[in-house]
Amino acid sequence: MTIRWHCIPFESFPPLILYDVLRLRSEVFVVEQNCAFQDIDRQDVDAYHLLGYNEAGELVAYARLFGAGKCYAEASIGRVIVAQQFRQYGLGRELMRQALAHSDALFGPQPNKIGAQQHLEPFYNTFGYEQCGPMYVEDGIPHIPMLRNLTP
């Protein structure tokens, strides 16, 4: 499967791309995870948005990228999503590789902090993230703070 990756700031969103993003986030975070929460959280305007489109022009992978000082003192990646019907292709790993590469290109190589759903800790460990604080519940889902330091 070939994925076309685009990384754009919020102010460059054409309406149809914004619709694709909000639709995918709603499908995964609200419907699939059965979690009513305020997804449109005013942080989109401060983010770069990493978009992965398949050959059919469908948005199948997405993440938000933040510079240091926006969400945490460190750079950050959030709203990491792969559409359910495309998860068997390893797109989650490719999405994280792309997100980290784009984050480094945009903000320079630096530590990166995330708020991860606790059950995904082993996945994020494979990218060098380590738990850096206690578990907390966000929108009814256990989360943990995780930090990826630069390797010397």
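How many disulfides does the count come to? I took a disulfide as a pair of cysteine sulfur atoms within 2.5 Å, and by this rule the count is zero. This is a predicted model, in which local features need pLDDT of at least 70 and side-chain atom pairs count only at pLDDT 80 or more, while totals for chains, interfaces and linings use all residues. Residues are numbered from 1 along each chain as its sequence is written, and side-chain values use heavy atoms, with hydrogens and water left out.

Cysteines. I looked up C71, which is in no disulfide; its nearest cysteine sulfur, that of C132, is 14 Å away. C71 has 28% relative accessibility and counts as partly exposed. (Buried is under 20% relative accessible area, exposed over 50%, partly exposed in between, with a 1.4 Å probe and protein chains only.) C132 is partly exposed at 37%.

Strands. I used DSSP runs for helices (H or I, at least four residues) and strands (E, at least two), numbered from the N terminus. Strand β4, residues 75–82, has seven of its eight residues buried. I counted strands as paired if DSSP finds at least two bridges between them. β4 pairs with β3 (residues 59–66) in the antiparallel sense over five bridges, and A61 stands opposite V82 in β4. β4 and β5 (residues 112–117) run parallel and are joined by two bridges; here A75 stands opposite N112 in β5. From β4 the chain crosses through helix α2 (residues 91–107) to β5, and this β-α-β crossover is right-handed (with the strands pointing away from the viewer, the path from the first strand over the helix to the second runs clockwise).

Pockets. On a 1 Å grid over the protein atoms alone, I took a pocket as an open set of points where a 1.4 Å probe fits, with protein on both sides within 12 Å along at least five of seven lines; lining residues have an atom within 4 Å of a point. A volume is the space filled by probe spheres set on the points, which are joined across faces, edges and corners.

The largest pocket has a volume of about 840 Å³. Of its 37 lining residues, F29, R79, V80, G115 and Q117 lie nearest its centre. Which element gives the largest share of this lining? I found that β4 does, with seven residues.

The second largest pocket has a volume of about 150 Å³. Its lining includes D20, R23, E58 and F86. I noted that α1 gives the most to this lining, with four residues.
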